[in-house]
Amino acid sequence: MRTRLIAAALAGTAVLAGACGSDEDKPLTEAQGRWVDTFCGGLLPGIKAGRELQAQDPANPAAVKAAYLELIAENATALAAAEKQLGELGPPSDELKTVHERLTKYFSESARSYEAAKAPVTALEPNARFWEGAEKVLADTSQVSSPEELRATFDTLEKSPKYSAAISKSAPCGELKNSGQR
């Protein structure tokens, strides 16, 4: 009798352990893949606009201002859209709930920061001091409480074989990596 109870307890523990296995043990779901794509995709428009801004001739302040305003608009829009989509998708797994919350907070704060900078940057004169003024506006309107959280999110995902592989296969993440921003 005692042997049967021990065997039943061990079998029950094995079944329970199998049911509570780590997310790493399961294949990537479609929703998890969309979460990874949304994460990287939310950063891409701003990266592309940033490259366009860097390509501007500083001797042409009007072009610099136009590109800077495009950077602000792209970031505000893309980050807000990514935050909304991540909220709809929810955490990709129980293990990444904190990462999800940290990322959506970062995207939300960043989107609000860029949105708050639009009017003050638009009001700046396109002259030789424009860039300096625009950077000050961004610093003054920043609502991002922990900018290092974006890097922490990448680090967490890259430590996971499952999500590291998903990042490697994701087209938006590949573009992000190729831009040198990861």
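A crossing is called left-handed if the near helix is turned anticlockwise from the far one by less than a right angle, and right-handed if clockwise. Helices here are DSSP runs (H or I, at least four residues), numbered from the N terminus.

Some housekeeping: this is a predicted model, so local features need pLDDT of at least 70 and side-chain atom pairs count only at pLDDT 80 or more, while totals for chains, interfaces and linings use all residues. Residues are numbered from 1 along each chain as its sequence is written, and side-chain values use heavy atoms, with hydrogens and water left out.

**Stop 1: H5 and H7.** Select residues 97-123 for H5 and 148-159 for H7. Their axes (lines fitted to C-alpha atoms over the stretch in contact, with angles from 0 to 180 degrees between N-to-C directions) come within 9 Å and cross at roughly 145 degrees. The crossing is left-handed. Now show side chains: Val-99, Arg-102, Leu-103, Tyr-106 and Phe-107 of H5 meet Glu-149, Leu-150, Ala-152, Thr-153 and Thr-156 of H7, where contact means heavy atoms within 4.5 Å. That contact has six nonpolar, two polar and two charged residues (nonpolar: Ala, Val, Leu, Ile, Met, Phe, Trp, Tyr, Cys and Pro; charged: Asp, Glu, Lys and Arg; polar: the others, Gly among them).

**Stop 2: H7 and H8.** Leu-157, Glu-158 and Lys-159 of H7 touch Pro-161, Tyr-163, Ser-164 and Ile-167 of H8.

**Stop 3: H3 and H9.** Jump to residues 44-54 and 171-178: H3 and H9 pack at about 30 degrees, axes 10 Å apart. That makes H3 roughly parallel to H9. Leu-44, Ile-47 and Lys-48 of H3 meet Pro-172, Glu-175 and Leu-176 of H9.

**Stop 4: H4.** Just after H4, Gly-90 has a positive phi of about 75 degrees.

**Last stop: an aromatic pair.** Which rings pair edge-to-face at 5.7 Å centre to centre? They belong to Tyr-68 and Phe-130, with 90 degrees between the planes (rings of Phe, Tyr and Trp, its six-membered ring, pair if centres lie within 6.5 Å; planes under 30 degrees apart are stacked, over 60 edge-to-face, the rest tilted). Tyr-68 sits in H4 and Phe-130 in H6 (residues 130-141), so the pair ties together parts 62 residues apart in sequence.

Notes. Helix = DSSP H or I, 4+ residues; strand = E, 2+ residues; numbered from the N terminus. Parallel < 35°, antiparallel > 145°, perpendicular 65-115°, else oblique.
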